[in-house]
Number of protein chains: 2
Amino acid sequence: MPAEITRKIHARLIKSSQTVAVAESCTGGGLSSLLTSLPGSSNYFLLGLVTYSNKAKTKLLNIPDRTIKKYGAVSRQVAMLMASGVRKKINADFGLSITGIAGPSGGTPAKPVGTVYICLSKKDGNICRKFNFRGSRREIRKGSTQKALQLLCAHLPR
Amino acid sequence: MPAEITRKIHARLIKSSQTVAVAESCTGGGLSSLLTSLPGSSNYFLLGLVTYSNKAKTKLLNIPDRTIKKYGAVSRQVAMLMASGVRKKINADFGLSITGIAGPSGGTPAKPVGTVYICLSKKDGNICRKFNFRGSRREIRKGSTQKALQLLCAHLPR
């Protein structure tokens with residue numbers, strides 16, 4: 001399933017000569033790994049940031065400490081800044097971000113384990129989605145990367 | 001196999017309160033993904049950079065263009081600068097880097113497909129290894145992440 005969508009993204013990005021950059025947290029590099037799995041991915045994959053710690057989010061993506069404190073690292077606001085930040089950092093056409101709680105710990109009543117924000121940043125605006133995944137850490141990470149790939153694919157010219 | 005070594009690294013980093021940061025090229029995020037696969041990895045995994053393009057290597061890790069031109073992106077020199085660069089960027093105890101040719105294209109007689117440099121940067125020095133992997137793109141990527149994990153593990157206090 002991820003292989004098929006990766007192939008579709010690959011073909012569409014090559015055809016449209018567009019580029020992508022990724023900033024991910026709870027998926028820990030899994031999204032970048034899928035987007036670079038096919039030969040020739042260097043044509044469109046410019047950069048992946050695994051900003052796992054808050055320090056990395058602040059330092060690499062210039063996300064203000066106060067934003068992380070106010071909304072939490074797992075929030076629409078931070079997901080948006082991750083996506084637009086990585087896009088601008090390397091001047092890519094698309095920025096794709098994932099931030100969430102893969103568990104098994106780290107959940108709260110307001111944001112239980114499985115809460116994941118996925119954001120796509122384009123030059124003309126951002127799209128952000130909230131998901132509530134169930135299952136193990138591994139399943140939540142896998143579900144998150146799949147949804148992120150689907151979000152990107154849906155916004156690429158056929 | 002990667003799961004077992006990941007568990008070993010996890011235990012040793014937690015026990016010694018040490019941290020790690022990763023800069024990877026041909027493995028595209030796979031190394032970061034393994035190092036964040038276990039719950040609690042946020043205690044030691046600070047940052048992962050998937051500097052797939054030369055532009056990313058220059059921009060994120062300040063690797064001079066002339067160094068990449070002189071030695072090639074797949075070289076001991078660049079691997080070293082990736083490992084020390086990412087370590088210093090986030091002030092981690094260890095910096096771990098992979099740069100190589102996963103193929104199927106991109107090989108040359110001097111550096112055939114499967115040529116991979118893996119480097120570990122510590123505060124007191126760097127260790128760099130050259131590998132010549134055989135097999136598919138997937139196998140080369142997998143072999144590279146395993147060897148990188150082994151290099152890190154061997155330098156962690158038991």
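Select Val74(B) to begin. In this predicted model, Val74(B) counts as buried because it has 21 C-beta neighbours inside 10 Å, and the cut-off for a buried residue is 20 or more.

Next, show what touches Val74(B). Apart from neighbours within four places in sequence, the contacts of Val74(B) are Thr99(B), Gly100(B), Ile101(B), Lys111(B), Thr115(B) and Tyr117(B). Val74(B) and Arg12(B) are 62 residues apart along the chain, and their C-alpha atoms are separated by 30 Å.

Now move to the place where the two chains touch. Here 26 residues of chain B are in contact with 26 residues of chain A. To find the chain B side, select helix 2 (30-35), strand 2 (45-50) and helix 3 (54-61) of chain B; these are the elements that each give two or more residues to it. Which element of chain B gives the largest share of this side? It is strand 2 of chain B, with six residues. Colour the side of chain B that touches chain A by residue class, and the count is 11 nonpolar, 12 polar and three charged residues.

Finally, hide chain B and view chain A as a whole. Chain A has six helices and five strands. Trace the chain from the N terminus, and the elements follow in the order α-β-α-β-α-α-α-β-β-β-α.

Then switch to the C-alpha atoms of chain A. Along the principal axes, they fill a box of roughly 45 × 30 × 20 Å. The radius of gyration of chain A is 15 Å, which agrees with the value near 15 Å for a compact globule, because that is what 158 residues would give.

Of its 158 residues, 49% count as buried. Among the contacts in chain A with a separation of 6 or more, 64% are between residues 24 or more positions apart.

Technical notes
Residues are numbered from 1 along each chain as its sequence is written. Chains are lettered from A and ligands numbered from 1 in the order in which they are written. This is a predicted model: local features need pLDDT of at least 70, side-chain atom pairs count only at pLDDT 80 or more; totals for chains, interfaces and linings use all residues. Two residues are in contact if their C-beta atoms, placed from the backbone, lie within 7 Å. Helices (H or I, at least four residues) and strands (E, at least two) are DSSP runs, numbered from the N terminus. Ala, Val, Leu, Ile, Met, Phe, Trp, Tyr, Cys and Pro count as nonpolar, Asp, Glu, Lys and Arg as charged, and the others, Gly among them, as polar. The radius of gyration is taken over C-alpha atoms; the globule rule is 2.2 Å times the number of residues to the power 0.38. A residue is buried if 20 or more other C-beta atoms lie within 10 Å of its own, exposed if 12 or fewer, and partly exposed in between; C-beta atoms are placed from the backbone.
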